[in-house]
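Dear colleague,

I am handing over the structure below, and after it you will find notes on what was found. Please read them with the model open beside you.

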Amino acid sequence: GIYSAQIGDIEAVTYKHLIKQNDLSDLPLSVTGNMLSMINGRISGILDIHGPAEVIDTACSSSLVAIHKACQSLKNAECETAIVCSGRIHLVPTDHESYKIGIESEDGNTMTFDQNASGSGFGEGVGSILLKPLEDAKQDGDYIYAVIKGSAMNQDGTSMGLTVPNPDSQKDVICKAWDNAGVSPEKITYVECHGTATPIGDPIELNGLIDAFRKYTDKKQFCAIGSIKSNYGHLLECAGMISFIKAVLCLN
């Protein structure tokens, strides 16, 4: 199976507009080449993959939802191996006022959990992972970087705004993931956070995480937190993928 997170619509539309301006004869090819549904079809065709091929678009959580979906597909025996990939490439300049959405930092940096944080700086990146059932990976002699013990997903529902997280929903999905994995929260020593460095987002995320831990334990100061956004910036749809890869490499 092949699962990928959506690449931005604004860039795709602008890219087609640029092609139309420069060489109208290339427009039909650019239309099919930039259709989101074609991305996974192209990869499946090149690699001769016959399992599910899905493009996932849930905004910033896209790549993590793609990983969750791929795990479910493996558990349901819809495929034997899954490739999950995600990318964020800026085909056009992003510092134009018309492209700003209100979470940009003042200096282009992302200072997660910092008292001087003013928002996200945006970055570029591409990441992909190969998933297999554990016993199959052992049997095939694969190098195993990490084991996904469980996962969960939900939606904020009603919150203070469409782009404002709901701490109760975040608490619930964290608890569901821990329960699904069968792990004791007291044994967790690190959490890779979303960490957008926005004045609203970071406190809400921390409160949701703290409330989740408090459901299981009264212990404090035993779990470190971090966010790769301080190194790479916010990669939007690809943000979860590089956070996932960082956490895996931390385990290694």
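**Cysteines, overall form and one leucine**

The sulfur of Cys-238 lies 9.5 Å from the closest cysteine sulfur, which belongs to Cys-85, and this is too far for a bond, since a disulfide is taken here as a pair of cysteine sulfur atoms within 2.5 Å. Before going further, please note that this is a predicted model, in which local features need pLDDT of at least 70 and side-chain atom pairs count only at pLDDT 80 or more, while totals for chains, interfaces and linings use all residues. Residues are numbered from 1 along each chain as its sequence is written, and side-chain values use heavy atoms, with hydrogens and water left out.

Cys-238 counts as buried, at 0% relative accessibility, where buried means under 20% relative accessible area, exposed means over 50% and partly exposed lies in between (1.4 Å probe, protein chains only). The structure as a whole holds zero disulfides. Cys-71 is likewise in no disulfide, and the nearest cysteine sulfur, that of Cys-79, is 9.8 Å away. Cys-71 also counts as buried, because its relative accessibility is 10%.

As for the chain as a whole, it contains nine helices and six strands, which are DSSP runs numbered from the N terminus (helices: H or I, at least four residues; strands: E, at least two). The radius of gyration is 19 Å, which agrees with the value near 18 Å that a compact globule of 252 residues would have; the radius is taken over C-alpha atoms, and the globule rule is 2.2 Å times the number of residues to the power 0.38. Along the principal axes, the C-alpha atoms fill a box of roughly 65 × 50 × 35 Å. Of the 252 residues, 36% are buried. Among contacts (heavy atoms within 4.5 Å) between residues at least 6 apart in sequence, 73% join residues at least 24 apart.

Finally, I would draw your attention to Leu-131, which has its place in strand 4, residues 125–131. Leu-131 is buried, with a relative accessible area of 10%. Leaving aside residues up to four places away in sequence, Leu-131 touches Ile-67, Ala-70, Cys-71, Leu-74, Thr-81, Ala-82, Val-84 and Ile-148, so the buried Cys-71 described above is one of its contacts. The C-alpha atoms of Leu-131 and Lys-69 are separated by 11 Å, although these residues stand 62 residues apart along the chain.
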